[in-house]
Amino acid sequence: MAAFRDMEEVSHGLLSLLGANRAEAQQRRLLRRHEQVVERLLETQNGADRRLRETLAVEEEVAQSLLELKECTRLGGTELQQLEAELRKTIEEDASLQLTTELQELKELEAGLQQQEREVDKDTTVTIPSAVYVAQLYHRISKIEWDYECEPGMVKGIHHGPTVAQPIHLDSTQLSQKFISDYLWSLVDTVW
Amino acid sequence: MSLKLKEEERMVEMFLEYQNQVRKQNKLIQEKKANLLIMIAEVKGKRQELEVLTANIQDLKEEYSRKKETISSANRANEERLKRLQKSADLYKERLGLEIRKIHGDKLQFIFTNIDPKHPESPFMFSLSLNEAKEYEVSDSVPHLECLAEFQENVRKTNNFSAFLANVRKAFTATVYN
C-alpha cells in the first residue's frame with residue numbers, strides 16, 4: 001500500500017514538474033522517491049518469497065510426520081494381527097492338551113480287570129467249592145475212587161469197603177448201563 | 001490461498017486422527033501381549049502336568065497288564081480244576097445212575113436212573129434238606145416211598161448217608177418189580 005501511495009506522489013510530482021520551474025531539484029527528488037518505491041517493492045517481494053518458502057517447509061515437515069505416523073499405525077496394525085494370531089494358536093494348543101482318550105482307555109482296562117477279577121472270585125468262592133462238595137459227596141456215598149487214566153470205555157476204580165478195598169474193572173462196551181449201576185450199588189453197604 | 005488453508009486443516013485433522021489411532025493400538029498391543037504371556041505360562045504348566053500324568057498312566061497300564069496276567073493264569077487254573085471236578089462228577093453220575101442237584105430252598109435233589117430195566121432213563125427222585133435242628137429232612141419223593149420216613153429216622157440216628165442212599169435205591173427198584 002505504501003508503494004501505491006508513493007506512486008501517487010510520484011505522479012503528482014511529475015504533474016507539478018510540468019507547471020513548475022524548479023525542474024532539476026524536483027527531478028532529483030522524484031528519482032529518489034522512485035528508488036525508494038522500487039526498494040520497497042523488492043523488499044515486499046523477498047518477504048513474501050521467504051514466507052512462502054517457510055510455509056512450504058513447514059508443510060513438508062508436517063506431511064513427513066503424517067507419513068511417518070501413518071506408517072506407525074500400519075506397523076501397529078501388523079503387530080496386533082501377529083499377536084492375535086499367536087494368541088489364537090496358544091488357545092488352540094491349550095485346548096488340545098488333554099488326556100481324555102488315555103483316561104478312557106485306562107477306565108476300560110480297569111473295568112475289564114474288575115470283571116475278570118469278579119469271575120475268578122466267583123469261581124473260587126462259589127463254583128469250585130460247590131463242585132468240590134458234589135464230588136466229595138459222591139465219593140462219600142459210593143466209597144468209590146475212579147481211575148481216570150484208564151482206557152476209554154473201561155470202568156475202572158477201587159471201592160473202599162469197611163474192611164477190604166475191592167478193585168472195579170468193567171467193560172462198558174460189553175455191559176448195559178443198568179448192569180453197571182446195579183453192580184456198583186451192590187458194593188455199597190446197606191447196613192445202617 | 002484458501003485451498004491451501006483447507007488442505008493444511010485436513011492435514012492437521014489427519015495427524016490428530018492417526019495419533020489417536022496409534023494411542024489406541026498401543027493400548028491394545030499392551031493388553032494382548034499381557035494375555036499372551038499368561039496363556040503361554042498356562043500352556044507350559046499344562047504341558048508339564050500332562051507329562052507327569054502320561055507317565056503315571058503308563059505305569060498304571062503296566063501294572064494292569066501284570067495284574068491281567070496274574071488273573072488270567074488264576075482263571076486258567078480255576079478252569080482246569082473245574083474241568084477235572086466236572087469230569088469226576090460226570091463219571092459218578094453216569095456210572096452210578098445218580099444225579100445230585102442243588103435246587104431252590106437250600107435243598108439237594110437226588111435223581112436215580114437205570115432203575116427200571118424197561119425204561120432206564122426214567123427218573124426216581126427225592127429231595128433232602130437240613131431243618132432248623134440241623135437234621136436231615138426228606139421230601140418230594142417221586143414215586144412215593146412208604147419206607148422213606150423210616151430211612152429218614154435211621155440216617156438221623158446213624159448219619160450213615162451212604163447206606164441211606166443205597167437203601168433208597170433198593171426201595172425204588174422194588175417199586176418197579178411190584
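This is a predicted model: local features need pLDDT of at least 70, side-chain atom pairs count only at pLDDT 80 or more; totals for chains, interfaces and linings use all residues.
Residues are numbered from 1 along each chain as its sequence is written, chains are lettered from A and ligands numbered from 1 in the order in which they are written, and side-chain values use heavy atoms, with hydrogens and water left out.

Reader: In what order do the elements of chain A run from the N terminus on?
Author: Helices (H or I, at least four residues) and strands (E, at least two) are DSSP runs, numbered from the N terminus. Chain A has four helices and three strands. From the N terminus on, their order is α-α-α-β-β-β-α.

Reader: What percentage of the residues in chain A is buried?
Author: A residue is buried under 20% relative accessible area, exposed over 50% and partly exposed in between (1.4 Å probe, protein chains only). Chain A holds 192 residues, and the buried share of them is 26%.

Reader: How many residues of chain B are in contact with chain A?
Author: Contact means heavy atoms within 4.5 Å. On one side, 72 residues of chain A take part; on the side of chain B the number is 77.

Reader: What area do chain A and chain B bury between them?
Author: The size of an interface is often given as the accessible area lost when the parts come together. Buried area here is the accessible area (1.4 Å probe) that two parts lose on being put together, summed over both. Carbon and sulfur atoms carry 69% of the area between chain A and chain B, and the total is about 7100 Å².

Reader: Which residues of chain A lose the most area to chain B?
Author: Three residues stand out on that side, together giving 14% of what the side buries. They are A:Y138, A:W185 and A:W192.

Reader: How many salt bridges are there between chain A and chain B?
Author: A salt bridge is a side-chain nitrogen of Lys or Arg within 4 Å of a carboxyl oxygen of Asp or Glu. Over all chains, this rule gives 19 salt bridges. One that joins the two chains pairs B:R47 with A:E93 at 2.7 Å, N to O. Between chain A and chain B the count is eight.

Reader: Which element gives the most residues to the side of chain A that touches chain B?
Author: The interface of chain A and chain B also has 24 residue pairs in polar contact, both at pLDDT 80 or more; such a contact is a pair of N or O atoms within 3.5 Å, where within protein one must be able to donate a hydrogen and the other to accept it, and residues adjacent in sequence count only if both atoms are side-chain atoms. Elements that give two or more residues to the side of chain A include α2 (23–96), α3 (100–142) and α4 (177–187). With 26 residues, the one that gives the most is α3(A).

Reader: Why does the salt bridge of B:K46 and A:D94 join two chains?
Author: The side chains of B:K46 and A:D94 meet at 3.5 Å, N to O. The pair joins two chains because B:K46 lies in helix α1 of chain B and A:D94 in helix α2 of chain A. B:K46 is partly exposed at 33% relative accessibility, while A:D94, at 14%, is buried.

Reader: Which residues of chain A does B:N75 touch?
Author: B:N75 lies in helix α1 (residues 2–96) of chain B. Its relative accessibility is 15%, so B:N75 counts as buried. Leaving out residues up to four places away in sequence, B:N75 touches A:V120 and A:D123.
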